[in-house]
Amino acid sequence: MAKGLLLTMSLALGKSTLHTESLRAQASSGTLRPSGFNMQGKNPELIVLSDRPLNVETPPHLLNDEVTPTANVFIRNNGLPPESVDATNWTLTVEGESAKTRKKFTLADLKKNFKHYTYQLQLECGGNGRGEFSPPGKGNQWGNGAIQCCQWTGVRVKDVLAAVGVKPDAVYVAYYGKDRHVSGDPEKVPISRGVPIKKALEEESLLAWAMNGEDIPLIHGYPLRVVFGGWPASTSGKWVDRLVVRNKVHDGPKMTHGSYMVPARPIAPGAKAPEDKDMRIIESMPVRSLITYPKTGAILQNKKTLKLRGHAWAGDLEVKEMHVSLDFGATWQPCQLQKPVNRLAWQHWNAQVTFPSTGYYEVWARATDTEGTMQPMVVPAWNPGGYLNNACHRIAVQVG
């Protein structure tokens with residue numbers, strides 16, 4: 001597409017997008033940014049959803065790179081970052097009921113004594129797309145941009161656990177970090193989540209100190225964090241100084257009372273949240289895709305063809321097919337889809353479409369995973385937390 005053929009315009013795609021556009025407009029005007037607000041070196045086009053804790057979304061067109069640039073990575077926090085970090089004296093303690101011993105490692109120990117691994121890993125907030133649920137789910141009203149795929153470097157969690165020793169009854173591995181509770185109470189832990197032992201022992205599960213080849217920025221967990229690709233990003237704890245090997249499902253803050261859970265059986269929109277025993281913890285994220293080029297609101301002048309680009313991912317699985325539609329899902333056109341560079345990385349797709357005439361169009365994107373599960377064309381099952389919305393992404397295009 002020749003430069004200059006695509007211009008931006010204001011086109012609405014429905015209630016949910018109008019809401020996102022409203023947030024974007026407020027962010028651009030500064031109304032969501034308190035005086036003295038620090039964007040932490042981020043792209044100024046990112047959308048601030050809250051400042052305490054800091055939660056910042058990436059518009060889809062800023063996710064066009066194959067590896068997400070650090071400046072464009074969304075920010076999701078439940079607490080406040082540590083006030084100061086001393087990486088030289090930073091330690092990681094591994095303990096718990098199902099750990100055979102209790103060991104403490106310095107960051108230098110980890111770097112010196114264990115083999116290093118680098119993977120591209122997709123991390124998506126469990127609430128990505130929450131802003132499209134009606135009635136709204138509880139929490140930040142994310143659009144479609146709480147997803148990233150960076151290059152992470154560190155040591156495998158499984159190698160560190162092997163050095164400590166894990167008992168046969170191990171069920172879960174959970175993290176604790178040095179982030180602070182928003183109340184200011186030093187005794188309160190803002191978040192402590194984890195994953196089943198099977199996920200922790202995967203090849204790609206890392207204790208990471210580098211992001212895109214450099215030290216992890218403070219806002220993303222410097223100097224050490226865990227990274228569990230394909231699962232809700234909340235399991236990938238930041239500022240980590242302790243891992244616990246549990247003989248039961250971890251019960252730290254944000255593991256109970258409906259946090260990162262969906263009803264085990266469908267419930268009506270707006271219904272009361274079930275008790276935890278009738279909920280299930282979110283694990284692998286569902287199949288999903290984004291159109292990252294062009295930006296929604298494009299104007300196509302003097303031609304009717306358009307090249308499209310984007311990414312697709314499917315939690316622990318791969319995406320096997322990618323399609324786009326110009327007629328609201330009545331018919332679909334296949335796309336070129338690349339294999340992931342490694343397991344749990346997102347996949348890049350592209351397509352060229354030809355519009356039948358001038359006029360207004362919506363381009364829809366739909367991914368299908370290796371088990372044959374497709375993205376829904378409408379918002380899926382309502383849940384009180386507004387989690388797991390993987391409805392088809394769509395952009396507006398004016399032709400002529």
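Begin by selecting Ile291 in this predicted model, and then look across to strand β18, where the bridge partner of Ile291 is Gly310. Widening the selection to residues 305–313 shows the whole of β18, which runs antiparallel to β16 and is joined to β16 by five bridges. If you now colour β16 itself, residues 288–293, by accessibility, you will find that this strand is mostly covered, with five of its six residues buried.

Next, move to strand β4 and select Thr93, which is found in this strand. Is Thr93 buried or exposed? Its relative accessible area is 6%, and because that value is under 20%, Thr93 counts as buried. Showing its surroundings, and leaving aside residues up to four places away in sequence, you will see that Thr93 touches Arg102, Lys103 and Lys104 as well as Asp241, Arg242 and Leu243.

From there, step to Leu92, whose contacts, again not counting residues up to four places away in sequence, include Phe105, Leu110, Val160, Leu207, Leu224, Val240 and Leu243. Leu92 also belongs to the largest nonpolar core, a set of 32 residues in which Leu92, Val94, Leu110, Val160, Leu207 and Leu243 have the most contacts. To see where this core comes from, select the elements that each supply at least two of its residues, namely β4 (91–95), α2 (107–113), α3 (157–164), β8 (172–177), α4 (197–200), β10 (206–211) and β13 (240–246). Of these, α3 gives the most to the core, with four residues. Apart from this core lies another, of 23 residues, and you can find it by selecting Leu308, Ala312, Val353 and Val397, which are among its members.

A search of the whole structure finds one cavity of 30 Å³ or more, and the largest cavity has a volume of about 260 Å³. To place it on screen, select Arg76, Arg225, Ala233, Ser236 and Lys238, which are the closest to its centre of the 22 residues that line it. Colouring the lining of this cavity by class gives ten nonpolar, eight polar and four charged residues.

For a last stop, select Lys138, Gly139, Lys254, Ser259 and Tyr387, which lie nearest the centre of the second largest pocket, out of the 25 residues that line this pocket. About 540 Å³ of space lies in the second largest pocket, and its lining divides into nine nonpolar, eleven polar and five charged residues.

How values were computed. Residues numbered from 1 in each chain as written. Predicted model: local features only at pLDDT ≥ 70, side-chain atom pairs only at ≥ 80, totals over all residues. Heavy atoms only, no water. Core = buried A, V, L, I, M, F, W, Y, C linked by side-chain atoms within 4.5 Å. Buried < 20%, exposed > 50% of the residue type's maximum accessible area, 1.4 Å probe, protein only. Contact = heavy atoms within 4.5 Å. 1 Å grid on protein atoms, 1.4 Å probe; cavity = no way out; pocket = protein on both sides within 12 Å on 5 of 7 lines; lining within 4 Å. Points joined across faces, edges and corners; volume = space filled by probe spheres on them. Nonpolar A, V, L, I, M, F, W, Y, C, P; charged D, E, K, R; others polar. Pairing = 2+ DSSP bridges.
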